[in-house]
Number of protein chains: 2
Amino acid sequence: MALRAAGPMLDPCPPGQIGGSYKPLTEAEIQRIHGTALDLLERLGMAEVPPRLHADLLAAGALDNGAGRMLFPPALVQAAVDQAAKTFVLHGRDPDRSIEVGGNRVYFGTGGAAVQTLDMESGLYRPSTLADLHDFTRLQDTLANVSWFTRCCVATDVPDNFDLDVNTVYALLKNTTKPIATSFTLAGHVAPIVRMLDIAAGGPGEFSRRPFLKAHISPVISPMRYGEDAVDVVYACIDHNIPMSCITAAQAGATAPATLAGFLAQSLAETLASLVMVHAIQPGFPMVFSNWPLVVDLRTGSFSGGSGETALLNAASAQLSNWLGLPSGVACSMSDAKAVDAQYGMEKGITSLAAALAGGNLIYESSGMTASLLGASFEGFVLDDEMHSNTYRALRGIEVTEENLGFDAVCEAVLGAGHFLGNQQTHAAMERDYFYPSLADRDAPRTWAENGAQDAWSRARDRARTILRDHRPAYLTPEQDRQIRAQFNIL
Amino acid sequence: MALRAAGPMLDPCPPGQIGGSYKPLTEAEIQRIHGTALDLLERLGMAEVPPRLHADLLAAGALDNGAGRMLFPPALVQAAVDQAAKTFVLHGRDPDRSIEVGGNRVYFGTGGAAVQTLDMESGLYRPSTLADLHDFTRLQDTLANVSWFTRCCVATDVPDNFDLDVNTVYALLKNTTKPIATSFTLAGHVAPIVRMLDIAAGGPGEFSRRPFLKAHISPVISPMRYGEDAVDVVYACIDHNIPMSCITAAQAGATAPATLAGFLAQSLAETLASLVMVHAIQPGFPMVFSNWPLVVDLRTGSFSGGSGETALLNAASAQLSNWLGLPSGVACSMSDAKAVDAQYGMEKGITSLAAALAGGNLIYESSGMTASLLGASFEGFVLDDEMHSNTYRALRGIEVTEENLGFDAVCEAVLGAGHFLGNQQTHAAMERDYFYPSLADRDAPRTWAENGAQDAWSRARDRARTILRDHRPAYLTPEQDRQIRAQFNIL
């Protein structure tokens, strides 16, 4: 224990661990799903193609079927995949916080748009506010396992759409230097917000040279059609060199088949339709291939995010995207629980482990989300951060080397002390190979009771309150802040 | 919704789903770990071999190194693996409840020896009692995902060891007809308890013809030695045709290396030492190859069951055992949490999913256990049952068939209604492919608040109380009960 106390604290399982050892689909199954997706794009195609995109798609090799649908020959889809950006950097304003998307590297981050906040005082839900967004942003700024931060809640107290988009990005700029992400309600909001981003980046044009914000866009509306406003945002983002997560959010049994195989075929086709769109506009432009299979509880029609089906489908989605060589985005750790309780932990545990083991590159919605994505929770953020360390530890796997196998060390311990406590190899492994949680309760039952029999929710509440009391970053200089306030209605 | 309400309720994800799609180790890594395990058995060998076993091992081909250790040539180990029972039936007293162990089939069950019960009234821990054991047994009797039941707690109010073993088995016989399991404190307890089992089975010798109880035994004490009392129990069980789970419970950093690879090599060697023992006594006798990697928190020396390391190591153990073709037993769903809280759910979720995806055949400790196996919880049992359904659903995977891919159905829905709600394929998939939880909260935040803002712990408490009030099985006839009470001190 003395050695341990004296040693350096290394993170044994930092973000970016390698996934892919869980393969929910066989190679033959991948081929069949992919084949059906190609068939859907070639023979059913996409509806409601906005005129500008229609022209670009035609030029790229798509066909108009004369009945309102655009058909994509397999060769066009293959060209889009071949020329797609396979890896790219999501820049942090602080370069040390940048991450590289692609391969089998796994990063947890956020992606929510909760409209309610789980209030820390009442333990109940209330509409989320701009103040909440500032608080969530500075809270997660201290959490190592939120590798990028998308605004997790909507500031429902900001009624004007432009003010909402502006103040959302302002909250991100002020409170974190990680890679950030947001949504643009309209394409016309992109250029002015880039002016604000330029101020933070150091001058006109600086943001686009090294973009540290990506856009979350859903240019495809299931089933199998484009959404005009979102497509306009895509054009604006490409104009300003804003990398994009093009998100397919089909819902099984509602906007896509309830059969899991059919669902994956359609949602893969739809995400490929986003990729072909980007390819037709600017080949190779950075796009996270974000195929988020969502599940509806067909008893009620409500979205459900915490099930075995969700775990399986998102794992399969990650496997399909990685098989194509594309940067995969999936959604997991989306509990249906309202309380921060055993259901919360279980649903987050199984969905995030499945997606991570399958190699999902960017795992959205992974921190702080509750209530089937309707809610966000401060306590949830700190608990999820520790969960992700456990998941990363599992992903890191087992280093099978001569030294780690340690035949001689085993013989020595067995024939000597008769145990492994306190020897040099044990001490080195403790420091290097084990994650030691700081929130999880590992006390004996008696100690736990003597200390007040706290549950995880209340321990996390204490932790979140301490962080929010102490961590008050101001990542904009007074001069940057003054410039932004001079040009925008900062609330 | 009307169709749904009218339809039959089939379990879309019953126990026995197929695992193995998660492979934490590569083939080359398995070979190296296995090679080191063989080296340990051949060159370091096992100490403290009881005389009777010493003779049997010598006869089977083991060598005495003259310095108190028995060495196992690789050919002997290979013969033990080759001739081992690869699959066998764990009988339920009710034949419909029997399960077949082996292959990549996954079953959750119990295996604990908690000494404390999480009291439903106080929410705190107290010593577990014989009454608790009766209650736990009849509670789990209603839970489909406890596929076999080992006594989950120790009746600490029964001081005499023989009375304890007798009353433990009596509680199992009275309250469940699933496959059951217990531990024998001493070999001399086996024969009398078989007499009690015979009464339940219908007459002398009947139990051994179709044994519905298996024994949990730890004949190897880490590191690398046998335990005499447990070995004696092995002989007695083989005499009475009681199948065995021979459990290696090495603790990383204490009784085995802290390096994960070295740990797995030693614990594999030790579990193979159990198999060689069984092989030397009676080749092919049914033994669950139960290699449970346990983790110690090296800050305190306390056992910890809820981490990413535990998830990974037990998954790797399952993979190694299945690679050898042996029926694999691992331990998962062992939270360190004392409360039934978010930590509880998360730790159980990640450990049990990992072990199941890796194909662990019998996953012990999977239901109701808390507090690093020191505690057992009624609420935990009912919550874990629903978690296992989610895990089984994930394991079931995605059936990629022409019909499920449903190219024509997608085209029809897209070109027709524009959605998939209410069509025949959707309805059929709802019934067949989705698990609908009955405890998990999927309500809207407002509904949840209006209904009292319950958490999972309190919902589970209500459910457990209802079951314990209503389910009062008496699986022993009055005559059987009378006969048992005439011969044994039933408390």
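This report describes a predicted model with chains A and B.

## Basis of the model

The model is predicted: local features need pLDDT of at least 70, side-chain atom pairs count only at pLDDT 80 or more, and totals for chains, interfaces and linings use all residues. Residues are numbered from 1 along each chain as its sequence is written, chains are lettered from A and ligands numbered from 1 in the order in which they are written, and side-chain values use heavy atoms, with hydrogens and water left out.

## Two copies

Chain B can be laid on chain A with an RMSD of 0.0 Å. The move is a turn of 180° with a shift of 0.0 Å along the axis. The two copies are thus related as by a two-fold rotation axis. The superposition is by least squares on the C-alpha atoms of residues with pLDDT of at least 70 in both copies.

Of the interface residues of chain B, 100% are also interface residues in chain A, so the copies meet through the same surface.

## Chain A as a whole

Chain A holds 19 helices and 22 strands. These are DSSP runs, numbered from the N terminus: helices are H or I with at least four residues, strands are E with at least two. The radius of gyration of chain A is 24 Å, close to the 23 Å from the globule rule for 491 residues, so chain A is as compact as a globular protein of that length. The radius is taken over C-alpha atoms, and the rule is 2.2 Å times the number of residues to the power 0.38. Along its principal axes, the C-alpha trace spans about 80 × 60 × 45 Å.

Buried residues make up 66% of the 491 residues in chain A. Buried means under 20% relative accessible area, exposed over 50%, and partly exposed in between (1.4 Å probe, protein chains only). Among contacts in chain A with a separation of 6 or more, 75% join residues 24 or more positions apart. A contact means heavy atoms within 4.5 Å.

## A helix at the other chain

Helix α15 of chain B covers residues 407–415. Its buried residues are B:F407, B:V410, B:C411, B:A413 and B:V414. The buried residues of α15(B) pack against α2 (27–44), β3 (69–71) and α10 (260–281) of chain A. They also pack against α14 (402–405) of chain B.

## A buried serine

B:S328 sits in strand β19 (residues 328–331) of chain B. B:S328 is buried, with a relative accessible area of 0%. Leaving out residues up to four places away in sequence, B:S328 touches several residues, including B:V288, B:F289, B:G359 and B:G360. B:A449 is 121 residues from B:S328 along the chain, and their C-alpha atoms are separated by 44 Å.

## Backbone exceptions

Most residues other than glycine have a negative phi, and most peptide bonds are trans. A cis peptide bond joins A:S222 and A:P223, with omega about 0°. Another cis bond joins B:S222 and B:P223, with omega about -5°. A:P223 is in the loop between β12 (220–221) and β13 (225–226) of chain A.

A:L373 is not a glycine, yet has a positive phi of about 75°. A:L373 lies in the loop between β21 (369–370) and β22 (375–377) of chain A. At 17% relative accessibility, A:L373 counts as buried. B:E365 also has a positive phi, near 65°. B:E365 is in the loop between β20 (362–364) and β21 (369–370) of chain B. At 2% relative accessibility, B:E365 counts as buried.
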